[in-house]
Amino acid sequence: MASAKATFIAILLAVATIGVVAARDIPEFLHICQTNEPHYETCIKNSIEHLKPYLKTGVPEYNIPSLEPLKLKKLIFAPTNSIRVMASDINVNGASNFLFVSLRLDFNTLQFLVDVALPNIQVEGKYEIDGKVLLLPIRGSGPMFGNFSNCIGACKIQIAKYLDENGEEKIRIIDFRMKISVGKGTLKLDNLFGGEQVLGDVINSAINNNFDLFMKEFLPLVEKALSDAFQNIAGNIIQQFTFAKLFPGA
């Protein structure tokens, strides 16, 4: 599920891509914004809105990933000695229906803040879990299914300038932190306890009847995993280009 919210970071990559493409031939689907124009942040929002149909399928030649589905390979969490969780082969659907809440870019501090809303997200994947959740023993492996609504993703990105070996000014991401909130949701873990239906139903009911508490335990772990993953992805894109090409006029 949380991987789903991670989707929202793909939007940040799209923001970066707008600048990236400025150094190449500009395709018709990308509207380039000059950072010194009066309503730069509004221009960025409008550019991403125009880009949304292309995000649905992706444009690999411009490093724009597909959001339908958004694919995540593996997330492993072992926050304490009492539980270990692995989620893999995760497909997230509904990410391309994101809505902007706010966008704030500060070129003095080189800090970017982006909030987006995801009305509805569906998640499918595989899980392995062993330990205790909400003081309940839980173990098993198999398919997982999630449906989540009214999600908000808030991302804080800190970048820094540096000179590369050719003396060109580039940027790197030095801090990437995401906070996720979920309005409502349901989660189903199939094959708990080796397929023992009664015990599996008890655990699934316990998870969904205490959904907020369950998310409170797991969201910080998911936020850290997703922040690290998307910092690497975004970093691999922006390190190829100079600051001036990424943000013309800044």
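**Salt bridges, stop by stop**

Begin by selecting Asp190 and Lys188, whose side chains form a salt bridge with an N to O distance of 2.2 Å. The model on screen is predicted, and that distance, like the others on this tour, is computed from its atoms. Colour Lys188 by accessibility: its relative accessible area is 44%, which makes Lys188 partly exposed.

Before moving on, how many salt bridges does the structure hold? There are six, and the pair Asp190 and Lys188 is one of them. In general, side chains of opposite charge can pair when their charged atoms come close.

Next, select Asp89 and Lys126. Their side chains also meet in a salt bridge, at 3.5 Å from N to O. Show the strands here, since this pair links distant parts of the chain. Asp89 lies in strand E2 (residues 83–93), while Lys126 belongs to strand E4 (residues 111–133). The two residues are 37 residues apart.

For the last stop, select Asp164 and Lys170. A salt bridge joins their side chains, with 3.4 Å between N and O. Are these two residues buried or exposed? Asp164 has a relative accessible area of 11% and is buried. Lys170, at 13% relative accessibility, is buried as well. Both values count as buried because the cut-off is under 20% relative accessible area. Hide the surface to view this pair.

Definitions and conventions: Residues are numbered from 1 along each chain as its sequence is written. This is a predicted model: local features need pLDDT of at least 70, side-chain atom pairs count only at pLDDT 80 or more; totals for chains, interfaces and linings use all residues. Side-chain values use heavy atoms; hydrogens and water are left out. A salt bridge is a side-chain nitrogen of Lys or Arg within 4 Å of a carboxyl oxygen of Asp or Glu. Helices (H or I, at least four residues) and strands (E, at least two) are DSSP runs, numbered from the N terminus. Buried means under 20% relative accessible area, exposed over 50%, partly exposed in between (1.4 Å probe, protein chains only).
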